[in-house]
Amino acid sequence: MKTLGILGGMSPQSTVTYYRDINRLVNQALGGNASAPLLIASVNFADIVQCQNRGDWQQAGQILAEAAHKLECIGAQGIVLSANTMHKVARPIIDAVKVPFLHIVDATATAIKAGGIERVALLGTRFVMQDNFYRDALLERGIQPLVPDDAAQQEIHRIIFEELCVGKFLPQSKQFYLDTIAALEKQGAQGVVLGCTEIGLLIRQTDYHLPFFDTAELHAKMAAEFILETR
């Protein structure tokens, strides 16, 4: 098996999901007591949030690039960044290492295309919903993202940082997300991208009839497949 490095802590809630799901998938493939060889660099999320709030993406990228380099130095043969928003600074991370970087949009877009879907509701932090880095990545792969209006974006963002990232899962927040999805379905959404790795902790496929594309789940699957590659 290959050793995988995880850039985590953004937030700790979703990093747990990655660790659990990657190990589960590897165990399903190999059986017995098999588990995944993982190295985790868990950054201080408060430092990353401060960079986000002041728009200092260069500093955020430097923090993660340094963490990725350390993972490579101690044996990581590939790098996974367990946060959608921080893929905004994927380039400095990629430039800091020689090993493969497994991009979350690649994992997500592959699943969307396999489902024959062209238009998706995109939920995530305001950076994911507003900034071009994520929407353009989907468009480049032939997928049209639809985002909520400004007021809904603000509330989705607030719920992520004030609730989901600290382990709070409130029924009224869940209903708000589902109502937002319903509004985007009326605009033509054929599926839903859970474009924040914490959202899947609040809403699940059983909650709505449109297909969900849980980015954390799909990314973990890509990671497990990388670990299991023999070449």
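The structure is a predicted model, in which local features need pLDDT of at least 70, side-chain atom pairs count only at pLDDT 80 or more, and totals for chains, interfaces and linings use all residues. Residues are numbered from 1 along each chain as its sequence is written, and side-chain values use heavy atoms, with hydrogens and water left out. Helices (H or I, at least four residues) and strands (E, at least two) are DSSP runs, numbered from the N terminus.

**Helix α3**

- Helix α3 spans residues 57-73, 17 residues in total. From first C-alpha to last it reaches 24 Å, close to the 24 Å expected at 1.5 Å a residue. That expected span is 1.5 Å times one less than the number of residues.
- The buried residues of α3 are Trp57, Ala60, Gly61, Leu64, Ala65, Ala67, Ala68, Leu71 and Glu72. They sit on the same side of α3 because they cover an arc of only 165° around the axis. Buried means under 20% relative accessible area, exposed over 50%, and partly exposed in between (1.4 Å probe, protein chains only). The arc is taken from the directions from the helix axis to the C-beta atoms.
- Exposed residues Gln58, Lys70 and Cys73 are carried on the face of α3 turned away from its buried side.
- Packing partners of the buried α3 residues are β1 (4-8), β2 (38-42), α2 (45-53), β3 (79-81), α4 (90-96) and α6 (126-130). Contact here means heavy atoms within 4.5 Å.
- Gly75 follows α3 and has a positive phi, near 120°.

**Helix α7**

- In helix α7 (residues 132-140), the buried residues are Tyr134, Ala137 and Leu138. Seen down the axis of α7, they fall within an arc of 95°, so they line one face of the helix.
- These buried residues pack against α5 (104-114), β5 (119-123), α6, β6 (144-146), β7 (191-194) and α10.

**Cavity and pocket**

- On a 1 Å grid over the protein atoms alone, a cavity is a set of points where a 1.4 Å probe fits but cannot get out. A pocket is an open set with protein on both sides within 12 Å along at least five of seven lines, and lining residues have an atom within 4 Å of a point.
- The structure holds one cavity of 30 Å³ or more. The largest cavity has a volume of about 100 Å³.
- Its lining has 15 residues, of which Met10, Ala83, Thr85, Thr125 and Glu198 lie nearest the centre. Helices α2 and α8 (150-162) each supply at least two lining residues.
- The largest pocket holds about 300 Å³ of space. It is lined by 17 residues, and Gly200, Ile203, Arg204, Asp214 and Glu217 lie nearest its centre.
- Helix α1 (12-30), β8 (212-214) and α10 (215-228) each give at least two residues to the pocket lining. Among these, α1 gives the most, with four residues.

**Two residues**

- Phe161 lies in helix α8. Phe161 and Ser11 are 150 residues apart in sequence but 9.0 Å apart in space, C-alpha to C-alpha.
- Leaving out residues up to four places away in sequence, Phe161 touches Phe45, Val49, Gln52, Thr125 and Val166.
- Ala224 is in helix α10. Ala224 is buried, with a relative accessible area of 3%.

Notes:
Points joined across faces, edges and corners; volume = space filled by probe spheres on them.
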